[in-house]
Amino acid sequence: MKNNMRKWLLSLAFCIALCGMAGCGKTSDSPEDTGQQGKDTVQESEKPQASESETEEEFEISELKGVPSDYSKEENWMRLPEITHEVDTIYLYPTSYLDDSENAKPICDIDNEAVRARARDVYENQGTVFEESTNVFAPYYRQSNIYAVGGLSHEELEKYQLNEQRTDVYAALDYYFENYNEGRPFMIAGHSQGSIMTKIVLGEYMQAHPEYYERMVAAYPIGFSITEDWLLEHPYLKFAEGADDTGVIVSWNTEGKGNQGQSNLVVEPEALSINPINWKRDDTYADFDENLGSRLLNEETGEYEIVKGVADAQVDTERGVVICTAENVEYSPAELFGPESLHGHDYDFYYENLRENVKTRVQAYMKQ
């Protein structure tokens, strides 16, 4: 399985330049604070969009694990942008901790340089999609080792992310809103493990901070599952219905037809997806020529290029995924994602359509 995993990871954009390096994914020699236990709370506040009687109740975040990383230190931010736009994006990168050594920590240290290098690499093929329309902030955060969580169920995986990973993301958000945001509208986006963290933020942090949530243009937890049941548990949240609604969640998981009925680590029952080409929730097919361009690495030049005609899209409304019939692609490992998962292409296959959609939602929000 490890060989298959490494083959897949090499196919992902964020591992292209780095996963072949010796010692890739090893932890740093800094002291470990992963096992520390502690509790902390953030500002108590009213539940968003609650009834008049419910607003009298306070929602509290508690049981944060370990000591939060210090986000007053600029080195704990992958990206602190120059402010040139009216809207921000907080971007949370996917799993970049890939240490299969015998003594590997289950959760990495904040200063793990191999993880940071991969995070910077993946940003180039994901986070850049938000740069044309927003100021992109990207914190480093402690992550789960892919080899520690690969065998977990959906429920176990989401629960495991409530450890130091959640502590760091909340601390980064606290510092961002208190010191960098200056009242601007914002988006929050992620992929894979970063989208699990985005989902946790939407379901808890934003409930504790309605004063922030009311300024959210949209959330993009791509590459993990938002489900009908979860939305019922969080009635102040809503899933996108089109290309220009705001304050909504925009998400999808990309698969080939051969994944029907197969287990996928990131696809939960009753998952929801929106078509990343035509921005419809139904099964209206979007052809290859409707795709504005995929962002792929040219292995000869070492540069990313926009390529048309690579991917189509159609929502499977029963499974809750986007079906893509692209040919000559390398699928994600079947052990984790099923035989025809395109998890590693959730962003890059639909890069130009997503970039335009970010612009559309920003413009729609600013017109309100």
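Figure 1. At 11% relative accessibility, Ser 192 counts as buried, where buried means under 20% relative accessible area, exposed over 50% and partly exposed in between (1.4 Å probe, protein chains only). Ser 192 sits in the loop between β4 (186–191) and α6 (193–208). Helices (H or I, at least four residues) and strands (E, at least two) are DSSP runs, numbered from the N terminus. The phi of Ser 192 is positive, about 55°, although this residue is not a glycine. Most residues other than glycine have a negative phi. The model is predicted: local features need pLDDT of at least 70, side-chain atom pairs count only at pLDDT 80 or more, and totals for chains, interfaces and linings use all residues. Residues are numbered from 1 along each chain as its sequence is written, and side-chain values use heavy atoms, with hydrogens and water left out.

**Figure 2. Glu 270, a partly exposed residue with a positive phi.** Glu 270 is placed in the loop between β7 (254–255) and β8 (294–298). Its phi is about 65°, although Glu 270 is not a glycine. With a relative accessibility of 43%, Glu 270 is classed as partly exposed.

**Figure 3. Asn 291 and its contacts.** Asn 291 belongs to the loop between β7 and β8 and is buried, at 3% relative accessible area. The side chain of Asn 291 reaches the backbone oxygen of Phe 349 at 3.0 Å. This is a polar contact, a pair of N or O atoms within 3.5 Å; within protein, one must be able to donate a hydrogen and the other to accept it, and residues adjacent in sequence count only if both atoms are side-chain atoms. Leaving out residues up to four places away in sequence, Asn 291 touches Ile 277, Ala 311, Phe 349, Tyr 350 and Asn 353; contact means heavy atoms within 4.5 Å.

**Figure 4. Asn 145, buried in a loop.** The loop between β3 (135–139) and α3 (146–149) holds Asn 145, which is buried at 3% relative accessibility. Not counting residues up to four places away in sequence, its contacts are Tyr 97, Leu 98, Asp 99, Ala 104, Lys 105 and Pro 106.

Figure 5. Glu 132, Glu 352, Arg 355, Glu 356 and Lys 359 are linked in a network of salt bridges, each defined as a side-chain nitrogen of Lys or Arg within 4 Å of a carboxyl oxygen of Asp or Glu. Lys 359 pairs with Glu 132, with the closest N and O atoms 3.2 Å apart. Lys 359 lies in helix α10 (residues 351–367) and Glu 132 in the loop between α2 (113–125) and β3, so this pair ties together parts that are 227 residues apart in sequence. Lys 359 is partly exposed at 22% relative accessible area, and Glu 132 is partly exposed at 39%. Glu 356 forms salt bridges with Lys 359, at 3.5 Å between the closest N and O atoms, and with Arg 355, also at 3.5 Å. Glu 356 and Lys 359 both lie in helix α10, three residues apart, about one turn of the helix. Arg 355 is buried at 17% relative accessible area, whereas Glu 356 is partly exposed at 28%.

**Figure 6. Two buried cysteines.** Cys 108 is buried at 1% relative accessibility, and Cys 324 is buried at 2%. The structure holds zero disulfides, a disulfide being a pair of cysteine sulfur atoms within 2.5 Å.
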